[in-house]
Amino acid sequence: MTETRRPVRMCVRCGVITRDPVVVSEVHQSSGPGFNVYACPECASYYPPVPDVLDLFNDRDR
């Protein structure tokens, strides 16, 4: 069996290339596909947790 490739991303805060990226934001666009913003594990604690979209709808109905 071949080993699966791990994702490699650049940290949005410190600019270091990391093999353990953490999603810290989701950018939604009306004119095309959105994208995720990543941070290294050390910098990820500086960002609030990404909200679940369904939770946002539930809060609106209250």
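**Charges over rings and a spread-out chain**

Tutor: The protein has one helix and four strands. Both are DSSP runs, numbered from the N terminus: helices are H or I with at least four residues, strands E with at least two. The model is predicted: local features need pLDDT of at least 70, side-chain atom pairs need 80 or more, and totals for chains, interfaces and linings use all residues. Residues are numbered from 1 along each chain as its sequence is written, and side-chain values use heavy atoms, without hydrogens or water.

Student: In what order do the elements run from the N terminus?

Tutor: The order is β-β-β-β-α.

Student: What makes the protein more spread out than a compact globule?

Tutor: Its radius of gyration is 15 Å, well over the 11 Å that the globule rule gives for 62 residues, so it is more spread out. The radius is taken over C-alpha atoms, and the rule is 2.2 Å times the number of residues to the power 0.38.

Student: Why is V8 called partly exposed?

Tutor: Its relative accessible area is 37%. Buried means under 20%, exposed over 50%, and partly exposed in between (1.4 Å probe, protein chains only), so V8 is partly exposed.

Student: Where does V8 lie?

Tutor: V8 is in the segment before β1 (9-10).

Student: How do you know that the charged end of R13 sits over the ring of Y46?

Tutor: The charged end is 3.6 Å from the ring centre. The definition asks for NZ of Lys or CZ of Arg within 6 Å of the centre and within 35 degrees of the ring normal. R9 likewise sits over the ring of Y38, 5.1 Å from its centre.
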